Number of protein chains: 2
Amino acid sequence: MAFAEYRPLDEKSLVEYIKTVPSLSSKLGDNIDGLTIKEVGDGNLNFVYIVIGSSGSFVIKQALPYIRCIGESWPMTKERAYFEAVALKEHGRWCPDNVPEVYHFDRTMSLIGMRYLEPPHIILRKGLIAGVEYPLLAEHISEYMAKTLFHTSLLYRSTTEHKSAVAEFCGNVELCRLTEQVVFSDPYKVSQYNRWTSPHLDHDADAVRNDNALKAEIAELKSKFIERTQALIHGDLHTGSVMVTLESTQVIDPEFAFYGPMGFDVGAFLGNLILAYFSQDGHADGKNDRKKYKEWILRTIEDTWNLFHKKFIALWDKHKDGSGEAYLPAIYNNPELQHLVQKKYFEDLFHDTLGFGAAKMIRRIVGVAHVEDFESITDDTKRASCERRALELAKLLLKQRRKFHDIGEIVAAIRQIQ
Amino acid sequence: MAFAEYRPLDEKSLVEYIKTVPSLSSKLGDNIDGLTIKEVGDGNLNFVYIVIGSSGSFVIKQALPYIRCIGESWPMTKERAYFEAVALKEHGRWCPDNVPEVYHFDRTMSLIGMRYLEPPHIILRKGLIAGVEYPLLAEHISEYMAKTLFHTSLLYRSTTEHKSAVAEFCGNVELCRLTEQVVFSDPYKVSQYNRWTSPHLDHDADAVRNDNALKAEIAELKSKFIERTQALIHGDLHTGSVMVTLESTQVIDPEFAFYGPMGFDVGAFLGNLILAYFSQDGHADGKNDRKKYKEWILRTIEDTWNLFHKKFIALWDKHKDGSGEAYLPAIYNNPELQHLVQKKYFEDLFHDTLGFGAAKMIRRIVGVAHVEDFESITDDTKRASCERRALELAKLLLKQRRKFHDIGEIVAAIRQIQ
């Protein structure tokens with residue numbers, strides 16, 4: 001039996017806790033002596049402990065009842081750990097190669113025990129800043145997105161399963177509201193939380209707040225984010241939620257998971273790759289002009305979308321006679337029609353992806369939470385220049401997204417921004 | 001205390017039941033002797049009793065655990081009575097003039113006690129078949145739709161309230177699935193339940209099943225029906241769910257209620273008015289060619305949409321600084337932008353309305369449940385001719401809906417079908 005009521009663990013009480021939980025202590029070969037415990041939570045919301053024993057290891061993630069980086073002034077339900085655990089298990093079920101295994105979940109303690117992603121795993125964002133090429137990244141992340149999104153949608157599921165899962169994840173409303181605020185609202189109004197490279201981008205931030213066409217588009221996306229229960233999405237799939245080595249890609253931290261639009265996940269990932277691209281000029285130096293690396297990022301953007309498309313359609317074709325209730329086999333029973341509906345589906349998903357991706361870019365430049373890709377550029381002028389180009393592209397994508405029809409056109413648009 | 005477990009009531013046990021329920025017996029002045037009880041359920045799903053005493057009256061509606069018109073072979077959860085009661089109360093809260101008051105709800109018995117809509121109230125559909133003009137119909141039904149849909153949407157509500165209500169109504173999944181089947185699936189495939197005026201419409205029914213463009217569009221609408229939690233919709237707002245006199249309009253039977261797309265309600269009502277229009281030639285005779293009445297229906301279609309639009313926008317303007325979370329006042333704070341987002345919102349809602357309205361028309365001609373407007377035309381050839389024209393219009397609307405921009409264009413399209 002674990003602890004009877006919630007309390008935040010420290011390194012000492014963590015050991016006591018592990019002793020009471022067989023699924024954890026057994027991972028250490030029941031040898032609790034001489035554990036190495038390291039707190040590594042560099043995120044904003046949780047404690048994260050790496051626990052290494054002589055014959056095994058795991059990670060303990062415990063949610064705090066507030067947003068850690070801001071402090072107790074911004075409370076945030078620790079029930080999010082429950083939704084994170086459910087999402088890890090559900091996504092892990094469909095894509096075990098790219099989601100860490102959950103060993104233990106304790107709802108009272110808001111605590112997850114899961115696989116330790118051993119070195120050389122690092123956060124993808126840090127790899128992108130360092131200029132490391134990951135040859136399997138597009139392959140892996142497209143696999144993750146295709147499998148998790150397809151299998152939790154009505155293309156695979158019955159309405160009965162779907163509505164029951166939707167109802168459960170409605171409970172993760174506080175995390176949804178946080179996204180609504182920081183992605184879809186704050187950047188478009190005066191907010192105490194917003195910040196940007198000032199004074200360089202003062203005019204740009206002001207322009208975002210006064211762009212009627214942009215604000216009309218973001219409203220549509222906000223409603224879609226709240227109202228469209230398309231699939232169990234990760235909800236925060238930026239490059240800081242992915243850990244990588246040259247051979248491995250692992251998606252972590254789905255505490256924002258809920259039934260929402262697929263494009264929010266795909267867009268988050270691609271949008272953050274685009275931010276990485278625009279930050280490269282700020283990391284160029286005499287030794288490395290980053291030109292080759294920028295090409296690799298563009299290729300990865302293109303490959304990620306194209307592979308995602310290909311894998312998703314392959315799953316659809318494979319399961320077209322299955323129990324998914326959106327397209328019944330007795331109706332969509334000819335190849336021409338199957339092709340037509342898939343084309344329609346992906347056109348819609350592509351435009352959602354561009355819109356949500358752009359929204360995620362904008363909020364990282366003029367909203368509360370920025371990205372290390374830009375933050376680590378110490379020269380303000382240089383950083384502002386990178387950020388401004390990313391912002392210009394994002395505004396273009398958000399407002400004109402329906403005019404684009406394939407990822408090649410997006411890469412071309414990225415190249416055109418100078 | 002009422003009955004301890006579910007049992008279908010007959011006229012005798014109903015009296016026993018009423019005696020145990022103070023909120024019902026008090027409506028009769030606690031005088032249970034000499035009650036007049038009449039079973040009038042002409043619907044497909046329930047028992048409906050009118051109970052009239054010397055000093056009061058009410059209606060008792062009890063759900064049966066199957067679809068009554070088909071029999072016990074098509075089971076259907078009686079829990080739908082719960083969702084009907086919740087929807088009646090919620091819609092009644094926002095539009096008490098057009099929703100019958102609920103006096104009593106018994107979840108165990110799946111039983112609702114509510115206001116008796118006394119004569120000369122009749123089902124609107126019957127009035128339309130008889131050729132009766134209802135001068136206040138457009139005014140009233142637009143009021144009902146604007147108030148119920150606006151106040152249960154994110155234009156009025158917080159995300160927290162919204163997600164909690166969405167989660168609850170996910171429980172009404174069986175009724176949603178029935179709609180999915182009979183509206184969005186069966187008409188587009190071979191199904192034992194489908195029927196049509198045969199052999200006259202054999203080719204037309206076949207054409208529906210083999211129209212790829214139509215089937216691609218219906219798939220999009222089906223997904224939207226399941227996935228888009230825009231507002232608490234009635235879910236079955238045809239002209240058989242409305243009772244009228246010349247002065248009164250009352251919306252009944254929201255057992256299909258759930259959080260879905262607003263256009264499904266608006267489209268259901270307008271689509272059924274269009275069916276009524278096309279049926280009129282079948283009811284014309286030497287005494288009445290119905291030409292004038294057809295014009296009244298067209299005016300009512302136009303007025304209903306335009307008044308709905310006007311009233312909905314007026315509510316939006318009134319509450320634009322309120323707690324609705326879709327369009328925060330700090331962002332959408334200028335008249336030009338407010339106008340722009342309302343225009344976008346209504347363009348989308350108009351296209352949804354046309355699509356869902358068309359889907360509801362098609363299913364009434366080649367699906368399981370037909371409408372009395374056509375069924376009461378005894379001459380097969382005449383009926384088939386009316387139905388074929390309605391079907392042609394519906395196919396046009398479903399496939400081309402994005403090309404229409406105001407209701408006047410729809411009326412013009414209706415006139416063009418001969």
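This is a predicted model: local features need pLDDT of at least 70, side-chain atom pairs count only at pLDDT 80 or more; totals for chains, interfaces and linings use all residues.
A:K294 counts as buried because its relative accessible area is 13%, below the 20% cut-off. Its side chain makes a polar contact with the side chain of A:D281, at 2.8 Å. Setting aside residues up to four places away in sequence, A:K294 touches A:Y277, A:Q280 and A:D281.

## Salt bridges within the chains

Over all chains, the structure holds 74 salt bridges. One of them joins A:R157 to A:E90, with the closest N and O atoms 2.8 Å apart. This pair links distant parts of the chain, 67 residues apart. A:R157 lies in the loop between helix 5 and helix 6 of chain A, and A:E90 lies in helix 3. Both residues are buried.

In chain B, B:E295 pairs with B:R415, with a closest N to O distance of 2.7 Å. Here the partners are 120 residues apart, B:E295 in helix 11 and B:R415 in helix 15 of chain B. B:E295 is partly exposed, at 31% relative accessible area. B:R415 is also partly exposed, at 40%. Back in chain A, a network of salt bridges links A:K61, A:R80, A:E84, A:D253 and A:E255.

## The interface between the chains

Contact between the chains involves 48 residues of chain B and 48 residues of chain A. Together they bury about 3900 Å², 58% of it on carbon and sulfur atoms. The interface has 22 residue pairs in polar contact, both residues at pLDDT 80 or more. On the chain B side, helices 6, 7, 9 and 12 each give two or more residues. Helix 9 gives the largest share, twelve residues. By class, this side has 23 nonpolar, eleven polar and 14 charged residues.

Eight salt bridges run between chain B and chain A. One joins B:K344 to A:E220, with the closest N and O atoms 2.6 Å apart. Another joins B:R228 to A:E227, at 3.6 Å. That pair crosses from the loop between helix 9 and strand 9 of chain B to helix 9 of chain A. B:R228 is buried, at 16% relative accessibility. A:E227 is buried too, at 5%.

## Nonpolar cores

The largest nonpolar core has 246 residues. A:F312 and B:F312 have the most contacts inside it. Beyond its neighbours within four places in sequence, A:F312 is in contact with A:A146, A:L149, A:F150, A:L155, A:M262, A:Y345 and A:F346. Apart from this core lies another, of 23 residues, including A:L14, A:Y17, A:V21 and A:L24.

Conventions
Residues are numbered from 1 along each chain as its sequence is written. Chains are lettered from A and ligands numbered from 1 in the order in which they are written. Side-chain values use heavy atoms; hydrogens and water are left out. Contact means heavy atoms within 4.5 Å. Buried area is the accessible area (1.4 Å probe) that two parts lose on being put together, summed over both. A salt bridge is a side-chain nitrogen of Lys or Arg within 4 Å of a carboxyl oxygen of Asp or Glu. A polar contact is a pair of N or O atoms within 3.5 Å; within protein, one must be able to donate a hydrogen and the other to accept it, and residues adjacent in sequence count only if both atoms are side-chain atoms. Helices (H or I, at least four residues) and strands (E, at least two) are DSSP runs, numbered from the N terminus. Ala, Val, Leu, Ile, Met, Phe, Trp, Tyr, Cys and Pro count as nonpolar, Asp, Glu, Lys and Arg as charged, and the others, Gly among them, as polar. A nonpolar core is a set of buried Ala, Val, Leu, Ile, Met, Phe, Trp, Tyr and Cys residues joined through side-chain atoms within 4.5 Å. Buried means under 20% relative accessible area, exposed over 50%, partly exposed in between (1.4 Å probe, protein chains only).
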